[in-house]
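These are my notebook entries on a single protein chain. I set down what I looked up, entry by entry.

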Amino acid sequence: MQSFKDFFEKYKWNEVKEKLKKVTLYDVENSLRKKNKTIEDFLNFLSPVAAQKLELMATMTQHLTQKRFGKTIQLYAPLYLSNECQNICTYCGFSLDNSIKRKTLSDTELMIEASVLKSMDVNHVLLVSGEANKTVGIDYFLNAVRLLKPHFANISIEVQPLSEEEYRRVHDAGVNAVLVYQETYHQEVYKEYHPKGKKSNFNFRLETPDRIGKAGIHKMGLGVLLGLEDWRVDSFFNALHIDYLQKQYWKSKFSVSFPRLRPAEGIIEPNFIMSDKDLLQLICAYRIWNEDLEISISTRESEKFRNNIISLGATAMSAASKTNPGGYAVDKESLEQFETSDERSMEEIRNIIKKSGYDPVMKDWDSVYSGI
């Protein structure tokens, strides 16, 4: 059966890079006028010359987002299960070669962390862990979901790539969404960032969303780590991936996130600096290309940027995030995956959203609607 790998191999990184340079202002304007946008239009919106139309793109983005999603922002919080990891990744604080204290939450600790989130009125929790199959494998995840399901309306996971059968099991257990990032689609340099561990297998990770789709997961989230390689080229391939998945697994919903490299234990400096203006252009490009795509903004971003993006395309935001296992109560000094930028409380974020004329949504999904 066909997978994205077959589709991906028809495109070449350097050819896409050169194509972006050749986009003209006329190409951008023509794409903006089109009713039905294609992946080629998305490439035009990403191009350097499209920055000249950013004000118009931002206005269109605001209108399209309100038309499709209304004036609502879904709020969620991550719950880090473990910082144990068997991969060496040059950009991650959890990397195996970092000599730091490792921590995996016990059942009791998990519920203590959950109770703190519940006290903030959090109803959508994202479970995150390092990639260590022996300590935090499928059985650990299923147990965590079982314990948390009575307390949260929406459970998402961002863990190591699983098999199709394992994704079916987490789906049956009550997981609503799975997030998995390729980090970079630049296959020629991928190994340099992932020299050791299962994550170094580019193709296995590339085909993970296919396994998620076949397992019938309600929603999947994709993204690239902005700062590793040219953000324009990487984002084109990420959109190409989403385009393929939406056509192949049309019953699923899709979201995109924009993780920019943040300081963390032992990580490299970004190879490509992405400005706030660049990130705004990227968000606008996604929204104008794909009106149905959910757009999530994390606490990696600054308070100022997050305040402004509320009315410019965001549909979901994390808040009060702790990126270390036990960070809310159990072990506040354990190793973080990365430093957050926006450290405001959940209540502060809710108030900012309300002051912007938007409605902060703590619960927009219930398992009763899916038969879970």
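Which way do Lys219, Met220, Gly221 and Leu222 point from strand E5, and are they buried or exposed? I worked from a predicted model. I found that Lys219 and Gly221 point one way from E5 (residues 219–222), while Met220 and Leu222 point the other way. All four residues are buried. I recalled that side chains in a regular strand alternate between the two faces of the sheet.

**Entry: the partners of E5**

I next looked up the strands that pair with E5. Strand E4 (residues 177–179) runs parallel to E5 and is joined to it by three bridges. Within this pairing, Val178 stands opposite Met220. Strand E6 (residues 253–257) also pairs with E5 in the parallel sense, over four bridges. Here I noted Leu222 opposite Val256. Between E5 and E6 the chain passes through helix H12 (residues 231–248), and this β-α-β crossover is right-handed.

**Entry: aromatic pairs**

How many aromatic pairs does a search of the whole structure find? The search gives 19. I examined Trp13 and Phe237, which are stacked, with 5.9 Å from centre to centre and 5° between the planes. Trp13 belongs to helix H2 (residues 13–22) and Phe237 to helix H12, so this pair ties together parts that are 224 residues apart in sequence. Trp13 has 8% relative accessibility and therefore counts as buried, the limit being under 20%. Phe237, at 1%, counts as buried too.

I then turned to Tyr80 and Phe94. Their ring centres are 6.1 Å apart and their planes stand at 85°, so I recorded the pair as edge-to-face. Tyr80 lies in strand E1 (residues 72–82) and Phe94 in the loop between E1 and helix H6 (107–119), 14 residues apart. Both Tyr80 and Phe94 are buried.

I also noted a cluster linked by ring pairs, including Phe4, Tyr11, Trp13, Tyr185, Phe236 and Phe237.

**Entry: charges over rings**

I looked for charged ends placed over aromatic rings. That of Arg68 sits over the ring of Phe69, 4.6 Å from its centre. That of Arg260 sits over the ring of Phe305, 5.9 Å from the centre.

**Entry: helix H7**

Why is helix H7 described as largely enclosed by the rest of the structure? I found that eight of its eleven residues (138–148) are buried, and therefore the description applies. Among the buried residues are Ile138, Phe141, Val145 and Leu148. The buried residues of H7 pack against E1, H6, strand E2 (124–129), strand E3 (154–158) and helix H8 (164–173).

**Entry: nonpolar cores**

The largest nonpolar core has 103 residues, and those with the most contacts inside it are Leu79, Leu127, Phe258, Leu282 and Tyr286. I followed Leu127: leaving out residues up to four places away in sequence, its contacts include Leu79, Leu81, Ala144, Val145, Leu148 and Ile157. Another core lies apart from the largest one; it has 17 residues, among them Tyr91, Cys92, Val189 and Leu261. I set beside this a general remark: in soluble globular proteins, nonpolar side chains tend to be buried together.

**Entry: Ser82**

Where is Ser82 placed? I located Ser82 in strand E1. Ser82 is buried, with a relative accessible area of 0%. Beyond its neighbours within four places in sequence, Ser82 is in contact with residues including Phe94, Lys103, Val128 and Pro325. I also compared its position with that of Val16, 66 residues apart along the chain: the C-alpha atoms are separated by 38 Å.

Key:
Residues numbered from 1 in each chain as written. Predicted model: local features only at pLDDT ≥ 70, side-chain atom pairs only at ≥ 80, totals over all residues. Heavy atoms only, no water. Buried < 20%, exposed > 50% of the residue type's maximum accessible area, 1.4 Å probe, protein only. Helix = DSSP H or I, 4+ residues; strand = E, 2+ residues; numbered from the N terminus. Pairing = 2+ DSSP bridges. Right-handed = clockwise from strand over helix to strand, strands pointing away. Phe/Tyr/Trp six-rings, centres within 6.5 Å; stacked < 30°, edge-to-face > 60°. Lys NZ or Arg CZ within 6 Å of the ring centre and 35° of its normal. Contact = heavy atoms within 4.5 Å. Core = buried A, V, L, I, M, F, W, Y, C linked by side-chain atoms within 4.5 Å.
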